[in-house]
Amino acid sequence: MVQISSLWATIQNRQAAAAQVVKLASTENLAVRPNGQILATNMNSASLYAVDPVAKTSSTAVVVTGASGLSGIGEYLPDVFAVIGGKGIYKVDFTGAKPTATLVKTITEGSNLNGLAVLNNDTVLVADAGKGNVYRFSMTTGAYSEALKDPTMAPSGSIPFGIDGIKYKDGVVWYTNIFKNSFHKVPVDATGKATGSVVTLWSNLMGDDLCFGPNGKIYVATNGKNSVVEVDPVTAAAGTSPKAVASVTGSTSCGFGRGEKDKDVMYVGAGAGIYSVTVK
């Protein structure tokens, strides 16, 4: 495997600077609505923010009552989102006259719920960074149970913090472990249970949250390494060297535009706000 110093020098030489869309302190995660608005979370605020990438403005879309901060977010039905708020999983619905936020259920034994992936139009996968496992969670009934647990998800560091970003696509769960500087994939069945062994793609580059692009590639925000890197899921294997596509200080998350004009635009959440960069 490439040494971290060599790998990072290569990445730094490839990346392009992103443009700031809005200033928004400590963006944790984001999702893009069908109408093009960007929804952004903050772990220190119960407000779910809405960002207009054309007007370059931000506002509070809805306050998630009962939560002190928000983290993972994912759209499981058209314009309906699952949002993590502390140990609670909330339904945020934009299909009515005004957005509503409703607690579905609290994962009482949860430690530090962070990343969220949509498995299907009812079930989401919730990563517990404090316990090092993943819950499957029904947005209809609130029923939940452990779906995945592996040593690669285990927490470390003074916080402690383990599995962070998580996404699902085509029978595979992809996830990062932020303080172990690692990125992994594991095949799963329709319930989110593993059907094979975990593959570690790298263990020498910090990874936070991630997203899929319209080109099928995976993009990983590198947080303290101030970039977003690209991985081809078709060729991804142990020892993969990612390709840098953007330079963003404190990058935490990403998502792509959903309109014809911004379908190739990746929006990146970071410590100082939301940024954009064109990726093809």
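Reader: Quick one to start: which residue does Lys 217 form a salt bridge with?

Author: Lys 217 pairs with Glu 230, and the closest N and O atoms are 3.7 Å apart. A salt bridge here is a side-chain nitrogen of Lys or Arg within 4 Å of a carboxyl oxygen of Asp or Glu. Lys 217 lies in the loop between β18 and β19 (218-221), while Glu 230 is in strand β20 (residues 227-231), so the pair ties together parts that are 13 residues apart in sequence. Strands are DSSP runs (E, at least two residues), numbered from the N terminus.

Reader: What kind of model is this, and how are things counted?

Author: This is a predicted model, where local features need pLDDT of at least 70 and side-chain atom pairs count only at pLDDT 80 or more, while totals for chains, interfaces and linings use all residues. Residues are numbered from 1 along each chain as its sequence is written, and side-chain values use heavy atoms, with hydrogens and water left out.

Reader: Back to that pair. Is Glu 230 buried or exposed?

Author: Glu 230 counts as buried, at 10% relative accessibility. Lys 217 is at 21%, which counts as partly exposed. The cut-offs: buried is under 20% relative accessible area, exposed is over 50%, and partly exposed is in between (1.4 Å probe, protein chains only).

Reader: How many salt bridges does the structure hold?

Author: Five. One of them joins Arg 258 and Glu 75, with the closest N and O atoms 2.5 Å apart. Arg 258 sits in the loop between β22 and β23 (265-270) and Glu 75 in strand β6 (residues 73-77), so this pair links parts that are 183 residues apart in sequence. Arg 258 is partly exposed at 40%, and Glu 75 is also partly exposed, at 24%.

Reader: And what does Glu 260 pair with?

Author: Glu 260 meets Lys 263 in a salt bridge, 3.1 Å from N to O. Glu 260 is exposed, with a relative accessible area of 64%, whereas Lys 263 is partly exposed at 38%.

Reader: Changing topic: which cysteines form a disulfide?

Author: Cys 211 and Cys 254, with their sulfur atoms 2.3 Å apart. The definition asks for a pair of cysteine sulfur atoms within 2.5 Å, and the structure holds one disulfide. Cys 211 is in strand β18 (residues 210-212) and Cys 254 in strand β22 (residues 251-256), so the bond ties together parts 43 residues apart in sequence.

Reader: Left-handed or right-handed, and why?

Author: Left-handed, because the torsion about the S-S bond is about -115°. Cys 211 is buried at 5% relative accessibility, and Cys 254 is buried at 5% too.

Reader: What about pockets? Which residues lie nearest the centre of the largest pocket?

Author: Glu 75, Lys 167, Cys 211, Phe 212 and Gly 255, out of 22 lining residues. Strands supplying at least two lining residues each include β2 (29-32), β10 (113-118) and β14 (163-169).

Definitions and conventions
Helices (H or I, at least four residues) and strands (E, at least two) are DSSP runs, numbered from the N terminus. On a 1 Å grid over the protein atoms alone, a cavity is a set of points where a 1.4 Å probe fits but cannot get out, and a pocket is an open set with protein on both sides within 12 Å along at least five of seven lines; lining residues have an atom within 4 Å of a point.
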